[in-house]
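Here is a short report on one protein chain. Look over the sequence and the model first, then read on.

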Amino acid sequence: MLVVIGLIAAAVSSSADVLRQAQAQRAFSEFVVGWQGSFSAYVSRLKALPGDNASQPTGRIGGASGLPMLCNDNAGPALSNAFLANGIGLPGNGLPGMEDRLRYQDRTGTPHELQVCLATMDWAVPGASVGQWAVTPRHVMVLRGLTVELARQFDVMMDGRPDARMGRMRSAALAAATSTTSAEWPDVPTDTEENIPEIEALIELN
């Protein structure tokens, strides 16, 4: 009897893992990749960066308005407006001013809200010699409200393996680090009743 219960529990757990992976894949392909596509369409059509001035470009996202990040916030949907005003469609839930948000649940059933912002930020790149790294500006997608569990899943989809320091997806705290070593994403709690913490991550756009 105990063996049967154990097998049922394992099957339920495996099914839940498959479902979470499918949900993560959908969030990545429809939301993250969707925003990447909108960014590429904007740059291709306008020959400028979102929020910058095409006639007097600063080369930075949000440059014309001096914004450190282009976001939808309490001051207004600046991010959405920058795209929609130029005829660029956006992914998301279709609610006006909420195109930057995606609601999801972690494996404990706790709700979270993923938010996208765009920015030009410092980014570590290989330097002039082996083993050296230099810091240069890069255009990035900022992901807020990302659980460490989902960050790991997204990173594997983006770079093939989870690494918070290297690749096109990085922890916001490590994106400009010039260390030559890889870094782990924070541990995911093993207690099913423990809330999974949120972090901020960056995805390189250019």
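## The disulfide

A disulfide is a pair of cysteine sulfur atoms within 2.5 Å. The model is a predicted one. Under that cut-off, the count comes to 1 disulfide. Cys71 and Cys117 form it, with their sulfur atoms 2.1 Å apart. The torsion about the S-S bond of Cys71 and Cys117 is about 125 degrees, so this disulfide is right-handed.

What does the pair tie together? Cys71 lies in the loop between α1 and β1 (72–73), while Cys117 sits in strand β4, so the link joins parts that are 46 residues apart in sequence. Are the two cysteines buried or exposed? Buried means under 20% relative accessible area. Cys71 has 7%, so Cys71 is buried. Cys117 has 0%, so Cys117 is buried as well.

## Overall layout

The secondary structure of the protein chain comes to 3 helices and 7 strands. Along the sequence, these elements follow the pattern α-β-β-α-β-β-β-α-β-β. The protein chain has 206 residues, and 36% of them count as buried.

How much of the contact total comes from residues 24 or more positions apart? Among contacts in the protein chain with a separation of 6 or more, such pairs account for 58%.

## The sheet

An open sheet is built from 5 strands. Their order is β3-β4-β5-β7-β6, and the pairing is antiparallel. Which strands are at the edges? They are β3 (101–105) and β6 (169–171), each of which pairs on one side only. From one strand to the next, the twist averages 40 degrees.

Strand β7 has a partner on either side in that order, β5 and β6. Between β5 and β7 there are 6 bridges. Here Val140 stands opposite Glu204 in β7. Between β6 and β7 there are 3 bridges, and these two strands run antiparallel. Met169 stands opposite Ile203 in β7. Ser171 stands opposite Ala201 in β7.

## Helix α3 against the sheet

Helix α3 packs on the sheet. The strands that α3 touches are β3, β4, β5, β6 and β7. The direction of α3 makes about 130 degrees with that of β5.

Helix α3 has 12 residues. From its first C-alpha to its last, α3 reaches 16 Å, close to the 16 Å expected at 1.5 Å a residue. Which residues of α3 are buried? They are Val148, Glu149, Leu150, Ala151, Gln153, Phe154, Asp155 and Met158. An α-helix has 3.6 residues a turn, so residues three or four places apart point the same way. Just after α3, Gly160 takes a positive phi of about 90 degrees.

## The nonpolar cores

The largest nonpolar core has 32 residues. Which residues have the most contacts inside it? They are Leu118, Met141, Leu146, Phe154 and Met169. At least two residues of this core come from each of α1 (2–46), α2 (78–84), β4 (111–126), β5 (133–147), α3 (148–159) and β7 (198–204). Helix α1 gives the most, with 8 residues.

Phe154 shows how these parts meet. Leaving aside neighbours within four places in sequence, Phe154 is in contact with Ala24, Ala27, Phe28, Val32, Leu114, Leu143, Leu146 and Met169. A second, separate core has 10 residues, including Met69, Ala119, Val125 and Val140. Val140 is also the residue that stands opposite Glu204 in β7.

## Leu84 in helix α2

Leu84 lies in helix α2. Is Leu84 buried or partly exposed? Leu84 has 43% relative accessibility, so Leu84 counts as partly exposed.

Not counting residues up to four places away in sequence, Leu84 touches Leu90 and Glu99. Leu84 and Tyr42 are 42 residues apart in sequence. In space they are 9.9 Å apart, C-alpha to C-alpha.

Note on methods:
Residues numbered from 1 in each chain as written. Predicted model: local features only at pLDDT ≥ 70, side-chain atom pairs only at ≥ 80, totals over all residues. Heavy atoms only, no water. Core = buried A, V, L, I, M, F, W, Y, C linked by side-chain atoms within 4.5 Å. Buried < 20%, exposed > 50% of the residue type's maximum accessible area, 1.4 Å probe, protein only. Helix = DSSP H or I, 4+ residues; strand = E, 2+ residues; numbered from the N terminus. Contact = heavy atoms within 4.5 Å. Expected span 1.5 Å × (residues − 1). Pairing = 2+ DSSP bridges. Axes fitted to C-alpha atoms, helices over the stretch in contact; angles between N-to-C directions.
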